[in-house]
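This report goes through selected features of the structure shown below.

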Amino acid sequence: MMRPIMLKGHERSLTQVKFNREGDLLLSVAKDRVASVWYSSNGERLGTFIGHIGTIWSIDIDPESELVVTGSADFSAKLWNARTGECVHTWSLPSPVRRVEFNATGEKFLMVTDQVMKQLGSIEVYPVNRSGPQAEEPMLTITTREGFAKATVAGWSYGGLYIIAGHADGTISKYDAKTGEFLASTKPHTETVSDLQFSPDGTYFITSSRDKTAHILDVDGLQMLKTYETDAPMNSAAITPVKDFVILGGGQDAKDVTTTSSKQGKFEARFFHKVFQDEIGRVNGHFGPLNYIAVHPQGTSYASGGEDGYVRLHHFEKSYFDFLYDVERTAQATASTQTEVN
Amino acid sequence: MAEVAKGQSWADVEDDLPSPQVIDNKDGTKTVISYRLNEAGKKIKLTQKVREIKVTEKVNKGVAQRRKWSKFGDEKDSTTIGPDFRTTQVGTAVELVLGTSWRGEESKKEEEKKLDVVKATNVKCRTCDGNHFTSKCPFKDTLGADPEGSGAHDDGGESAGAPGAYIAPHLRAGGSKLGGRNFEERDDSTTLRVTQLNEMVDEDMIREELFAPFGMLRRVTLVRDRETGQSKGTAYVAYETVEAAQKAMENLDGRGYHSLILRVEFSKPRPAR
C-alpha cells in the first residue's frame with residue numbers, strides 16, 4: 001500500500017511535472033498560467049512562478065537547480081530564478097512553445113515551437129548566460145523539414161550530441177546538436193508522439209503515442225528495442241532507474257471523459273517490465289487521463305500529473321524494490337552459488 | 001479549580017499552574033516536571049524522563065541548502081510550517097502489486113467471486129447434491145437416468161397421492177431442501193439495517209454510492225410505502241460475507257448522506273410474536 005501525496009496547486013489540468021537532478025524538488029505546470037515548485041519529500045509547496053498569461057506547456061530546471069525555463073502558449077518562453085521565483089528573461093516568439101529542455105550541463109536549452117498559421121514549427125536552441133543579459137536570438141534553429149509533420153517533443157541525447165524529436169505523425173527524427181544537420185528518422189508510431197524521455201545515461205529513450213503504444217529506441221541507430229502495448233492512448237512514458245521498469249500514463253481523450261466512468265477511462269499509471277515488456281502492475285487514483293509521468297532520478301518515487309488538476313506523488317515501498325522475475329531470481333541464485341564455489 | 005481573584009479574568013486562572021521544570025540527570029537523561037489540570041479540575045503533576053538522541057542524516061549539500069530557501073510567489077505570505085493542507089493532502093492508499101500474471105489473477109478473482117455468488121444462493125443439484133443447477137449436472141446422463149420423467153413429478157405422485165395435481169416445491173420430496181427456505185431459516189447474519197435515509201434515496205444509490213465499495217452485495221431492499229411507493233427511510237443490505245458487512249457498518253454508521261446522518265447496524269431477527 002502506498003499513500004500518494006496529492007498536490008493541489010493548479011486549477012486546471014496538468015501539462016508537465018518534472019524532478020530536478022537530485023530529486024528534492026518537483027516542478028509542475030498546468031493550463032492555469034502558474035508554475036509551481038514543491039519539495040518532493042513531503043509535498044510542501046516552495047513557491048510559484050507568476051508571469052505567463054496562457055497555458056504553460058512545459059518546464060525544466062537546470063542541473064544546478066538555479067534556473068527554471070518554461071514554455072507557454074502565450075507565445076513566449078521565460079527564464080526564472082529558481083530560488084526567488086523572479087522572471088530573469090522573456091523570449092517573445094512567433095508561435096506557442098510546446099516543450100523546453102536544458103541540456104545536461106545547463107549551458108543551453110532547446111524549445112519546440114508550434115506550427116501556427118504561416119509559422120512552420122521549429123526546434124530552437126538558446127544559450128543560457130548566468131552572469132549577464134540573455135541572447136535574444138537562438139544559436140541554432142532546426143525548422144521542420146519538408147515532408148515532415150511538426151515536432152511535438154524533443155530532448156538531448158547523451159553528451160548533448162544529438163537532438164531527438166518526436167513528430168505529430170509518429171515520426172522520430174535525429175539531428176546533430178551542434179550544426180542542426182538532419183541525421184536520420186524512423187516512424188515507430190502511427191499517431192502523435194506525445195512524450196519522449198531519455199534513460200538516465202541518455203543512450204536510449206522511450207516514446208509514447210496516442211496510438212496506444214510506447215517504444216524504446218536507441219539513440220545511435222534509432223532501432224526499436226522494445227514495445228509496450230496498451231488499450232488506451234498514451235500521453236507519457238518514463239523509464240525508472242534502479243528497477244528495470246517503465247511507467248506509462250494516459251487514458252481516454254479529454255473530450256470523451258465525461259461520457260465514461262473513471263473505471264472505464266483507463267486512467268491508471270501502468271508499470272511494464274522494461275526488458276520483458278509485460279505489464280506488471282497498475283496504480284489508479286486519477287479521475288482523468290494522466291498527462292505526464294516523471295520518475296525521481298534516484299528511482300524512489302514517481303509523480304503523475306493528471307487532466308483532473310492533481311499531481312499525485314508516490315513514494316515506492318519495499319515490495320516495489322523487492323519484486324523480481326523468476327528468471328531474475330534464478331540468475332541471482334546461480335550467480336551467488338558460483339561465487340561460493342569459487 | 002482556582003478561584004477567580006479580583007481584577008483577574010476567569011480565562012487567565014488556568015495559567016496559575018506552576019511552570020514546568022527541567023532537571024538534568026547524571027546519566028544524560030532529563031526529567032521534565034509539568035503541571036496540568038485534569039477533567040475534574042484537579043491539578044496533576046506529570047513527571048517525564050526524557051533521553052535525547054541525536055540522529056545524523058546525510059543529505060546532499062544542494063538539497064540541504066534548498067531546504068532553507070524562503071518561499072516565493074503565491075506561497076510568499078504562507079505562515080504554515082510544513083505542507084499546507086490547502087495545497088497538499090495525503091490521498092487514500094493505493095495498491096501496487098507487481099506480478100507477471102496480474103491480469104490473469106484479476107480475471108481469476110472475478111470468476112471466484114461469481115462462483116461464490118452461486119454457492120451463496122444455495123443451489124443444489126437434485127441428481128448429485130452438487131453446487132449447481134440440476135440441468136447443469138455433469139452426472140446428468142449417468143446418475144440422473146430417470147426413465148419416468150423428472151424426479152419432481154415422480155415424487156409428487158407419491159406424497160400427494162393425487163397424480164397430476166400441483167404440488168408446491170417445498171412439499172416435493174426431491175426438492176424439499178431447495179424449497180425449504182422460509183423467513184425463520186434465512187441467514188441474516190450478513191444483513192445490515194440502514195435507517196435515517198433521505199426519502200429521495202433509491203436502491204441504486206444505496207448500492208452504488210454507499211455500500212458497493214465494501215464487498216459483493218447479495219441484495220438491497222428499500223422499505224417503501226405500499227400505496228405511494230415512497231421510501232420509508234429504511235433499507236436492508238445483505239453482503240456475501242460478514243466481514244464486508246462489518247466493514248461497511250464501521251465506515252458508514254454515523255456518516256452524513258443527503259443531509260441526514262445514517263444509522264447502520266446489523267439486522268436483528270424480528271422477535272417472535
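Contact here means that heavy atoms lie within 4.5 Å. The model is predicted.

**Two residues of chain A**

By that criterion, and not counting residues up to four places away in sequence, A:Arg145 touches A:Tyr175 and A:Phe182. A:Arg145 sits in the loop between strand E13 (140-143) and strand E14 (151-156) of chain A. Its relative accessibility is 37%, so A:Arg145 counts as partly exposed. A:Leu120 is 25 residues away from A:Arg145 along the chain, and the C-alpha atoms of the two are separated by 9.1 Å.

A:Thr15 belongs to strand E2 of chain A. Because its relative accessibility is 11%, A:Thr15 counts as buried, the limit being under 20%. Leaving aside neighbours within four places in sequence, A:Thr15 is in contact with A:Val29, A:Ala30, A:Lys31, A:Thr55, A:Ile56, A:Trp57, A:Asn291 and A:Tyr292. With one of these residues, A:Ile56, there is a polar atom pair: the backbone oxygen of A:Ile56 lies 2.6 Å from a polar atom of the A:Thr15 side chain.

**Chain B and its helix H6**

Chain B has six helices and 10 strands. Of its 273 residues, 25% are buried. Among the contacts in chain B with a separation of 6 or more, 42% are between residues 24 or more positions apart.

Helix H6 of chain B spans residues 242-252, and its buried residues are B:Ala244, B:Ala245, B:Ala248, B:Met249 and B:Leu252. These residues lie on the same side of H6(B), because they cover an arc of only 135° around the axis. The face turned away from this buried side carries the exposed residues B:Glu243 and B:Glu250.

Which elements are included in what covers the buried residues of H6(B)? Among them are strand E5 (191-195), helix H5 (203-211), strand E7 (231-239) and strand E10 (263-266), which belong to chain B. Just after H6(B), B:Gly254 takes a positive phi of about 85°.

**Cavities and pockets**

Rolling a probe the size of a water molecule over the atoms shows where empty space is left. A search of the whole structure finds three cavities of 30 Å³ or more. The lining of the largest cavity consists of A:Met1, A:Met2, A:Glu317, A:Ser319, A:Tyr320 and B:Leu96.

The second largest pocket holds about 930 Å³ of space. It is lined by 32 residues, and those closest to its centre are A:Phe19, A:Glu101, A:Phe198, A:Ser199 and A:Pro200. The elements of chain A that give two or more residues to this lining are strand E2 (14-19), strand E6 (56-61), strand E10 (97-102), strand E18 (193-198), strand E22 (234-239) and strand E26 (290-295).

The table sets out the volume and the lining classes for these two spaces.

| Space | Volume | Lining by class |
|---|---|---|
| Largest cavity | about 50 Å³ | four nonpolar, one polar and one charged residues |
| Second largest pocket | about 930 Å³ | 17 nonpolar, eight polar and seven charged residues |

Notes: Residues are numbered from 1 along each chain as its sequence is written. Chains are lettered from A and ligands numbered from 1 in the order in which they are written. This is a predicted model: local features need pLDDT of at least 70, side-chain atom pairs count only at pLDDT 80 or more; totals for chains, interfaces and linings use all residues. Side-chain values use heavy atoms; hydrogens and water are left out. Buried means under 20% relative accessible area, exposed over 50%, partly exposed in between (1.4 Å probe, protein chains only). Helices (H or I, at least four residues) and strands (E, at least two) are DSSP runs, numbered from the N terminus. The arc is that of the directions from the helix axis to the C-beta atoms. On a 1 Å grid over the protein atoms alone, a cavity is a set of points where a 1.4 Å probe fits but cannot get out, and a pocket is an open set with protein on both sides within 12 Å along at least five of seven lines; lining residues have an atom within 4 Å of a point. Grid points are joined across faces, edges and corners, and a volume is the space filled by probe spheres set on the points. Ala, Val, Leu, Ile, Met, Phe, Trp, Tyr, Cys and Pro count as nonpolar, Asp, Glu, Lys and Arg as charged, and the others, Gly among them, as polar. A polar contact is a pair of N or O atoms within 3.5 Å; within protein, one must be able to donate a hydrogen and the other to accept it, and residues adjacent in sequence count only if both atoms are side-chain atoms.
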